[in-house]
Amino acid sequence: MPDWVKWIDLPPVWLSAALAVVWAQARFVGLGLGFGGWAEIVGGVLVTVGIVLILAAIWQMREQKTTPVPHRVPSALVTSGVFAWSRNPIYLGDALILSGLILRWDAVLSLVLVPCFVWLIGNRFIAAEESRCQDAFGSEFADYKSRTRRWI
C-alpha cells in the first residue's frame with residue numbers, strides 16, 4: 001500500500017465519510033421519526049462519551065509513548081484505564097459519535113451505517129492491529145485479549 005493511501009485510509013476519514021452520509025440523509029431525504037428532545041439529549045451524551053473515550057485513549061497511549069496511528073507497530077501495550085474496559089476505545093468512541101449524531105440529526109435511515117462501520121473498522125483496522133500486537137507482545141497480548149473484550 002502506498003504511503004499516501006495510509007494517510008487517507010484512517011478511521012477518522014471513514015467516520016467523516018459516514019457522518020457526511022448521515023448528514024445528507026437527514027438534510028435531503030429526511031424520513032426522521034421526530035423523536036424530539038430525548039433523542040437530542042441521548043445523542044449528545046453518546047457524542048460526548050465518544051469524544052471523552054477517544055481523548056482518554058490517545059492520552060494514555062501518549063503517556064506510554066506508543067502510537068495511536070493504526071498502520072504503525074505499537075511500542076507499548078496499554079491495558080489500563082479505558083483500555084481495561086475495551087481493547088479498542090478509540091473505535092468504540094467513533095461508533096458512539098456516529099450513533100449519537102444519527103440520533104441528534106434524526107437520521108434513522110442511517111442507523112444501518114453503525115453496524116456497517118463497526119464491521120468495516122473490525123476488518124480494515126482491528127484485525128491487522130491485533131496481529132501486530134500479537135507479534136510484538138506475544139503472551140502478554142494473549143492474556144490481555146482473554147480478559148478484555150474487543151468493544152465493551
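In which helix is the place of Y144? In this predicted model, Y144 has its place in helix α6, where helices (H or I, at least four residues) and strands (E, at least two) are DSSP runs numbered from the N terminus. The model is a prediction in which local features need pLDDT of at least 70 and side-chain atom pairs count only at pLDDT 80 or more, whereas totals for chains, interfaces and linings use all residues. Residues are numbered from 1 along each chain as its sequence is written, and side-chain values use heavy atoms, with hydrogens and water left out.

The protein chain contains six helices and zero strands, and from the N terminus its elements follow the order α-α-α-α-α-α. Along the principal axes, the C-alpha atoms occupy a box of roughly 50 × 35 × 25 Å. Of the 152 residues, 42% count as buried; buried denotes under 20% relative accessible area, exposed over 50%, and partly exposed in between (1.4 Å probe, protein chains only). Contact is defined as heavy atoms within 4.5 Å. Among contacts between residues at least 6 apart in sequence, 76% join residues at least 24 apart.

The mean pLDDT of the protein chain is 93, and 98% of its residues reach 70 or more. Confidence is lowest in helix α1 (residues 3-8), with a mean of 70, and highest in helix α6 (residues 139-147), at 98. Where pLDDT is low, the predicted coordinates should not be read in detail.

Helix α3 (residues 37-63) includes A39. The helix has 27 residues and spans 39 Å from its first C-alpha to its last, close to the 39 Å expected at 1.5 Å a residue; the expected span is 1.5 Å times one less than the number of residues. The buried residues of α3 include A39, G43, G44, V47, G50 and L53, and what covers the buried residues of this helix includes α4. A39 counts as buried because its relative accessibility is 1%. Neighbours within four places in sequence aside, A39 is in contact with L103 and R104. The C-alpha atoms of A39 and A24 are separated by 19 Å, although the two residues are 15 apart along the chain.

Helix α4 (residues 89-104) has 16 residues and reaches 22 Å from its first C-alpha to its last, close to the 22 Å expected at 1.5 Å a residue. The helix is mostly covered, with 15 of its 16 residues buried.

Positive phi values occur just after both α3 and α4. Most residues other than glycine have a negative phi. K65, in the loop between α3 and α4, has a phi near 55 degrees, a positive value in a residue other than glycine. K65 counts as exposed because its relative accessibility is 68%. In the loop between α4 and α5, D106 likewise has a positive phi, of about 50 degrees, although D106 is not a glycine.

Two packed helices are described by the angle between their axes and the distance between the axes. The axes of helix α5 (residues 113-137) and α6 come within 6 Å and cross at roughly 130 degrees; axes are lines fitted to C-alpha atoms, for helices over the stretch in contact, and angles run from 0 to 180 degrees between N-to-C directions. The contact is formed by E130, C133, Q134 and F137 of α5 together with S139, E140, F141, A142 and K145 of α6. By class, four nonpolar, two polar and three charged residues take part, where Ala, Val, Leu, Ile, Met, Phe, Trp, Tyr, Cys and Pro count as nonpolar, Asp, Glu, Lys and Arg as charged, and the others, Gly among them, as polar.

R124, also found in helix α5, is partly exposed, with a relative accessible area of 38%. R124 and P70 are 54 residues apart in sequence and 9.9 Å apart in space, C-alpha to C-alpha.

Not counting residues up to four places away in sequence, Y144 touches L77, V78, T79, F83, S86 and R87. Of these contacts, T79 lies 65 residues from Y144 in sequence and 7.0 Å from Y144 in space, C-alpha to C-alpha.

Terms used. pLDDT is the predictor's confidence in each residue, from 0 to 100.
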